[in-house]
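Student: I would like to learn how to read a protein model. Could you walk me through one?

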Amino acid sequence: MTLADLRREFAALAGTYKPPTQPPSDSPPPRDSTTSSSAGTDEDPEDDDQGQAPGDGSGPVDDEDEDQDDDSGRVDDEDQDQDDEDDEDWERILVEELKGLREEEERIEREAEEELRIVLEALGPRNLDQKLTVEDADPDDSHRQAGARQAAAASRVAMNGARSSNWTHMTRDRRALGYVRLSRTGTPCGWCAVLISRGPVYKSRESALFKDGDKYHDNCNCYAMPIWNRDQYQSSELTALSRQYMALWPEVTKGKSGKAAVSVWRRFIRQQQRAAAQEARQSTSTAPEA
């Protein structure tokens, strides 16, 4: 399968497929065998000497007829060239170039490489050496803890590659109104639950509040989804948890503000998730055996 085939299938799915027009046929019309036969037997050889071909019922070729044939041929060539241009146009896919996107992605890539080098060194060998200096430290447990911290940091930096790319495209695309913070697991930590409860965060909000959407911690499974229209947030199943948290926030933090409101909210989220986990364990233990 070629690239042109993939483009045709994509255009057909999008409803914009226009099959290429067939070029006009240049083949001459069929000759009448009866007329040709009779002309070939009835004509006198003397007429052939006067500019008439043997067996042809037409008269001598005129210069004006030749000019008309040449003009017709040029028109056919122009039509064919136009058809070729149309075929190339419908196969093209228009791509909008976002200003400064490539430079920003290269900068993020360099920062990610530097961050990865630092955290792997700090949470790996250094962290392990520090744990082993503790009296009665278990070497196996120390290795396991250091490895877990190192793996969590490496996973965060790797996932930030996709999350940062998505964020960079959203901030530079004029069609995107903003973003909404989402959780892939449905059990976010208290801090992420605060960000999720904000609902849609539009580009018009203050920069400090807006940039919180691109901050992640180790073992974080959240991400920022672009918002393209105001109906998207209310109708999408992906934003169901955000809508739920957004409705609960005023009730849970009533009479509180600032750090006090955040503390009350995080405690509420922990209690809610703990109760849900306990209920799931009870339902599993009481389920009848097949």
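Tutor: Let us go through the sheet, the helices, the rings and a few single residues in turn. This is a predicted model, in which local features need pLDDT of at least 70 and side-chain atom pairs count only at pLDDT 80 or more, while totals for chains, interfaces and linings use all residues. Residues are numbered from 1 along each chain as its sequence is written, and side-chain values use heavy atoms, with hydrogens and water left out.

Student: Let us begin with the sheet. In what order do the three strands lie?

Tutor: Strands of a sheet pair through backbone hydrogen bonds, either parallel or antiparallel. Helices (H or I, at least four residues) and strands (E, at least two) are DSSP runs, numbered from the N terminus. Two strands count as paired if DSSP finds at least two bridges between them. Here the three strands make an open sheet in the order β2-β1-β3, with antiparallel pairing. β2 (201-202) and β3 are at the edges with a single partner strand each, so one side of each has no neighbour in the sheet.

Student: How many bridges join β1 to β3?

Tutor: Six bridges join these antiparallel strands. You can find Y179 opposite P226 in β3, and S183 opposite C222 in β3.

Student: Is β3 covered on one face or on both faces?

Tutor: For this we use relative accessible area: under 20% is buried, over 50% is exposed, and in between is partly exposed (1.4 Å probe, protein chains only). In β3 (residues 222-227), six of the six residues are buried. Both faces are covered, with C222, A224 and P226 on one side and Y223, M225 and I227 on the other.

Student: Now the helices. How many residues of helix α7 are buried?

Tutor: Seven of the eight residues of α7 (residues 190-197) are buried, so the helix is largely enclosed by the rest of the structure. Among them are C192, V194 and I196. After α7 comes G199, with a positive phi near 70°.

Student: Which residues of α10 are buried?

Tutor: They are S242, Y245 and V252. Looking down the axis of α10, these buried residues fall within an arc of 95° (taken from the directions from the helix axis to the C-beta atoms), so they line one face of the helix. For the 13 residues of α10 that gives 18 Å, and the end C-alpha atoms are 18 Å apart, which agrees.

Student: How many aromatic pairs does the structure hold?

Tutor: Rings of Phe, Tyr and Trp (its six-membered ring) pair if their centres lie within 6.5 Å; planes under 30 degrees apart are stacked, over 60 edge-to-face, and the rest tilted. The structure holds six such pairs. One of them is Y179 with F210, edge-to-face at 5.2 Å centre to centre and 75° between the planes. This pair links distant parts of the chain, with Y179 in strand β1 (residues 178-183) and F210 in helix α8 (residues 207-211), 31 residues apart. Y179 is buried at 3% relative accessible area, and F210 is buried at 10%.

Another edge-to-face pair is Y245 and W265, 5.6 Å centre to centre with 85° between the planes. Y245 belongs to helix α10 (residues 240-252) and W265 to helix α11 (residues 258-285), 20 residues apart. W265 is buried, with a relative accessible area of 0%. Y245, W249, W265 and F268 form one aromatic cluster.

Student: Which charged residue sits over the ring of Y216?

Tutor: A charge sits over a ring if NZ of Lys or CZ of Arg is within 6 Å of the ring centre and within 35 degrees of the ring normal. The charged end of R163 does this for Y216, 4.0 Å from the ring centre. Likewise, R184 lies over the face of Y223, at 4.2 Å.

Student: And the loops? Is N219 buried or exposed?

Tutor: N219 is exposed, at 62% relative accessible area, in the loop between α8 and β3. Most residues other than glycine have a negative phi. The phi of N219, however, is positive, near 65°.

Student: Where is D173 placed?

Tutor: D173 is in the loop between α6 (139-172) and β1, and at 7% relative accessibility this residue is buried. Leaving aside residues up to four places away in sequence, D173 touches L98, K203 and W228, where contact means heavy atoms within 4.5 Å.

Definitions and conventions: The expected span of a helix is 1.5 Å times one less than its number of residues.
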